[in-house]
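Please examine the model displayed below. The paragraphs that follow lead through its salt bridges, pockets and domains.

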Amino acid sequence: MMIQNMDFDVVIIGGSYAGLSAAMALGRSRRGTLIIDAGDPCNKQTPHSHNFLTQDGVQPEVIASIGREQVLQYPTVQFYTGIAEEIKLLENGWFEVSVPNRSVRSRKVIIATGLRDIMPSIPGFSECWGRTVIHCPYCHGYEVRDQKTGILAQGDMIMEMVRLIDHWTKDLTLFTNGPAEIADEDRQLILNKGVAIMEQPIREVIHKEGKLQHLVLEDGTKRSLLALYARVKTEQKSPFATMLGCNIGPMGLIETSMVGQTNVTGVYAAGDCTHPMRSVATAVASGNLAGAMLNKELIDEDFMK
Ligand SMILES: Cc1cc2nc3c(=O)[nH]c(=O)nc-3n(C[C@H](O)[C@H](O)[C@H](O)COP(=O)(O)OP(=O)(O)OC[C@H]3O[C@@H](n4cnc5c(N)ncnc54)[C@H](O)[C@@H]3O)c2cc1C
């Protein structure tokens, strides 16, 4: 959709679950709102999204498209499909946000641009990501309960992941992709639980269209699996929090108050870019709070004029 105005109350950068949810609160508050979205959510490879009430097992894009349709029923909300390139704080306290070939101004900004998952350089891994290589048992664990399952973890994550996933299946193998960095007593605890530990580097993930078949280790050993849990490294998908001087915490997440306010006046953030418990429900909740609180901020400013 073309952008029809120059000035907005709020520009939301990132129009997936968090951004759309913020827009819902703002549209219902009659705020001039522009959503800018590049259409690249982190869960795009997942066939079915789980654990979000009323939409359990629904395709991720279906959830988002219902969200877009409902949000765009509010006449003050506009949606631009494309990338936001730059943001500047103007002297009057407004923001200028640029998309290719034009810019808009807004009184407030919400950053809802999510995280980028960084795939390890193991052939086949990224093709299975979100399908049979999974990041979270709450999202996909039920579907692979009691199945032959691997955990790819190292260091501090080993005990946390083994303890967690042992709840969903007892048929577990731990892969550390190199010598396990683990205390002797923890190693013994894991072995006592019947979890095999395989420390060789992983050469390849063998799959058929994202459906995991087995892992091949450096010496050619094969281990057949139906699912592999892996927590991969992440980074902020957009540079806007840094551009504006928002505080970023030790986990690489934008620091906010309970309602999404950052340390920079007029800038809120919501969704995965702020929260370690990545889920559609959390993104929707935080976006909705940020939208409502920004509307209140605008009301408070205008009422005093
Ligand atoms: C593989 C996988 C499977 C998952 N499965 C589930 C599940 O089953 N159930 C569940 O509850 N959760 C699941 N999650 C978690 C869930 O997908 C996320 O918590 C949720 O998508 C976060 O929403 P968000 O709006 O914060 O970010 P995202 O959904 O990642 O969206 C961010 C949006 O910002 C846009 N954007 C970024 N930079 C720019 C820019 N410069 N300009 C314009 N737009 C930009 C992106 O294109 C994208 O559309 C899964 C996550 C992954 C990685």
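Lysine 237 has a relative accessible area of 23% and is therefore partly exposed; the classes are buried under 20% relative accessible area, exposed over 50%, and partly exposed in between, with a 1.4 Å probe and protein chains only. The model is a predicted one, in which local features need pLDDT of at least 70 and side-chain atom pairs count only at pLDDT 80 or more, while totals for chains, interfaces and linings use all residues. Residues are numbered from 1 along each chain as its sequence is written, and side-chain values use heavy atoms, with hydrogens and water left out.

Lysine 237 pairs with aspartate 40 in a salt bridge, with 3.8 Å between the closest N and O atoms. Aspartate 40 belongs to the loop between strand S2 (33–37) and helix H2 (60–71), and lysine 237 to the loop between strand S16 (233–236) and helix H7 (240–244), so this pair ties together parts 197 residues apart in sequence. Helices (H or I, at least four residues) and strands (E, at least two) are DSSP runs, numbered from the N terminus. Aspartate 40 is likewise partly exposed, at 35% relative accessibility. The term salt bridge denotes a side-chain nitrogen of Lys or Arg within 4 Å of a carboxyl oxygen of Asp or Glu. Side chains of opposite charge can pair when their charged atoms come close.

Since glutamate 160 lies in helix H5 (residues 157–165) and arginine 231 in the loop between strand S15 (227–230) and S16, the pair ties together parts that are 71 residues apart in sequence. Both residues count as partly exposed, glutamate 160 at 37% relative accessibility and arginine 231 at 40%.

Glutamate 199 and arginine 187 also form a salt bridge, with their closest N and O atoms 3.0 Å apart. The former is in the loop between strand S11 (196–198) and strand S12 (202–208), the latter in helix H6 (residues 184–192), so parts 12 residues apart in sequence are tied together. Glutamate 199 is partly exposed at 27%, as is arginine 187 at 24%.

Salt bridges also link Asp9, Arg107, Lys108, Glu297, Glu301, Asp302 and Lys305 in a network. Glutamate 297 sits in helix H8, and, leaving aside its neighbours within four places in sequence, is in contact (heavy atoms within 4.5 Å) with Lys108, Gln261, Gly266 and Tyr268.

Rolling a probe the size of a water molecule over the atoms shows where empty space is left. On a 1 Å grid over the protein atoms alone, probed at 1.4 Å, a pocket is an open set of points with protein on both sides within 12 Å along at least five of seven lines, and lining residues have an atom within 4 Å of a point. The largest pocket has a volume of about 1,000 Å³, the space filled by probe spheres set on the points. Its lining comprises 33 residues, with Met157, Arg231, Val232, Lys233 and Thr234 nearest the centre. Strand S7 (115–118), helix H4 (137–140), H5 and S16 each supply at least two lining residues.

The second largest pocket holds about 850 Å³ of space. It is lined by 49 residues, and those closest to its centre are Ser16, Asp40, Pro41, Cys42 and Lys237; Asp40 and Lys237 are the partners of the salt bridge described above. Serine 16 occupies the loop between strand S1 (7–13) and H1. At a relative accessible area of 18%, serine 16 is buried. Beyond residues up to four places away in sequence, serine 16 touches Asp37 and Pro41.

The domain assignment gives domain 1 (7–116 + 233–303) and domain 2 (120–230), with bounds that come from an automatic or database domain assignment.
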